[in-house]
Amino acid sequence: MHAGPVNEEEGWRALSIAAADGLMLHARDYGPLSSPALPVVCLPGLARTAFDFHDLALALSRDARTPRRVLALDYRGRGSSEWDRDWRNYDVTIELGDVLQVLTATGVHEAIFVGTSRGGLITMALGAARPAAIRGVVMNDIGPVIDAKGLLRIRGYVGKLPKPRNYLDGVQILRTLSDKQFPALSEQSWMKLARGTWIEKDGKLAPAYDPNLLKGLEQLDLEQPLPPLWPLFEALSHVPVLALRGEHSDILGPQTLSDMERRHPRLESMIVEGQGHAPLLEGPVNDRIAAFIAALEAPAPEPALPRASAFGASVAT
């Protein structure tokens with residue numbers, strides 16, 4: 001593993017970690033390395049990057065009371081990680097192996113995981129493969145039943161986006177594609193989406209992912225219902241879960257969220273109004289995540305001591 005210096009302006013250090021097959025993976029490493037607080041590991045969506053977690057990572061790593069380490073990953077073929085020569089390796093199983101490699105390289109043995117969309121699927125798989133690594137989970141607009149309609153929409157643009165002249169042009173492209181999903185976004189939030197969708201290369205904007213990601217989506221038969229993943233979801237039954245759902249999401253349906261609440265004894269949920277798939281991690285959403293994480297580490301209340309009754313007997317309170 002190679003760790004760069006902390007970028008004081010941005011608040012993170014760059015990590016370069018070799019995957020098991022030698023491909024170089026990139027991650028952002030925020031906050032103190034030796035904090036006693038549980039670290040947080042952030043896993044992005046299919047065609048998204050570590051950039052999406054920047055605001056959340058800064059808030060958690062710079063918390064005045066409990067600063068903590070936050071890792072945000074770029075999967076292979078995304079962000080600053082190397083592209084894979086074989087598009088078939090853009091697979092949840094391979095990416096789970098990459099996450100395990102990053103955890104080992106960074107010395108993170110247990111953590112709270114924040115998974116957006118595909119990141120939530122990888123987190124569920126991690127719960128089955130290494131349950132002891134997970135102390136809590138935030139699932140951002142994903143569940144064990146995935147609506148094929150949403151995947152059809154995503155398949156319609158991944159690897160096919162027009163090339164914007166600049167980020168303002170990119171905002172207009174995203175508005176045209178996703179205004180129904182995100183009717184309440186501010187200009188600043190649209191710009192965040194654009195900056196996480198394209199990156200600067202040789203003075204021009206290019207997709208922040210390998211366009212070959214599309215090939216994996218093309219293999220799915222979306223005319224048939226996708227197999228549910230309830231056994232994987234049940235692998236998270238040993239930890240608290242916060243499930244976020246965008247009000248207009250076409251990936252995580254309201255019935256699936258209701259079923260998740262019914263099946264998981266320690267699941268709480270939040271509907272993000274005015275947003276679709278997947279809600280941006282900013283503002284009140286980040287406040288809710290921070291409160292959820294803080295509650296995970298709050299000391300258990302001490303049992304009440306017996307008190308004397310008016311008759312001299314002990315009464316439990």
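Colleague: Which residues touch the most other members of the largest nonpolar core?

Modeller: The model is a predicted one, in which local features need pLDDT of at least 70, side-chain atom pairs count only at pLDDT 80 or more, and totals for chains, interfaces and linings use all residues. Numbering runs from 1 along each chain as its sequence is written, and side-chain values rest on heavy atoms, with hydrogens and water left out. A nonpolar core is a set of buried Ala, Val, Leu, Ile, Met, Phe, Trp, Tyr and Cys residues joined through side-chain atoms within 4.5 Å, where buried means under 20% relative accessible area, exposed over 50% and partly exposed in between, with a 1.4 Å probe and protein chains only. Of the 65 residues in the largest such core, those touching the most other members are Val41 and Met139.

Colleague: How many residues are in the other core that lies apart from it?

Modeller: This other core is apart from the one in which Val41 and Met139 touch the most other members. Leu38, Met270, Leu281 and Phe292 are among its residues, which number 25.

Colleague: With which residues is Val41 in contact, leaving aside its neighbours within four places in sequence?

Modeller: Contact is taken as heavy atoms within 4.5 Å. With neighbours within four places in sequence left aside, the contacts of Val41 are Leu71, Leu73, Leu103, Val108, Ala111, Ile112, Phe113 and Val114.

Colleague: What separation do the C-alpha atoms of Leu244 and Val138 have?

Modeller: Leu244 belongs to strand β10, residues 241–246, strands (E, at least two residues) and helices (H or I, at least four) being DSSP runs numbered from the N terminus. Leu244 is buried, because its relative accessible area is 0%. Beyond four places in sequence, its contacts include Val138, Met139, Met270 and Leu281. Although Leu244 and Val138 are 106 residues apart along the chain, their C-alpha atoms are separated by 7.5 Å.

Colleague: Is Asn140 buried or exposed?

Modeller: Asn140 is placed in strand β7, residues 134–140. Leaving aside neighbours within four places in sequence, it is in contact with Gly115, Thr116, Ser117, Leu244, Ala278, Pro279 and Leu281. Because its relative accessibility is 0%, Asn140 counts as buried.

Colleague: Where is Ala278, which a cis peptide bond joins to His277?

Modeller: Most peptide bonds are trans, and most residues other than glycine have a negative phi. The bond between His277 and Ala278 is cis, with omega about -10°. Ala278 is in the loop between β11 (267–272) and α10.

Colleague: What is the phi of Ser117?

Modeller: Ser117 sits in the loop between β6 and α3 (118–129). At a relative accessible area of 12%, it is buried. Ser117 is not a glycine, yet its phi is positive, at about 50°.

Colleague: Is Asp202 buried or exposed?

Modeller: The phi of Asp202 is also positive, near 55°, in a residue other than glycine. Asp202 lies in the loop between β8 (198–201) and β9 (204–207). Because its relative accessibility is 81%, Asp202 counts as exposed.

Colleague: Which residues of helix α1 are buried?

Modeller: Helix α1, residues 54–61, is mostly covered, with 6 of its 8 residues buried. The covering elements include β2 (12–18), β3 (24–30), β4 (40–43), β5, β6 (111–116) and α10 (283–297). The buried residues of α1 are His54, Leu56, Ala57, Leu58, Leu60 and Ser61.

Colleague: How wide an arc do the buried residues of α4 cover around the axis?

Modeller: In α4, residues 148–155, the buried residues are Ala148, Gly150, Leu151, Ile154 and Arg155. They are on the same side of α4 because they cover an arc around the axis of only 155°.

Colleague: Which residues does Gly159 touch, not counting residues up to four places away in sequence?

Modeller: Gly159 is in the loop between α4 and α5 (167–178). At 33% relative accessibility, it counts as partly exposed. Its C-alpha atom is 7.0 Å from that of Leu213, 54 residues away along the chain. Not counting residues up to four places away in sequence, Gly159 touches Tyr209 and Pro211.

Notes
The arc is that of the directions from the helix axis to the C-beta atoms.
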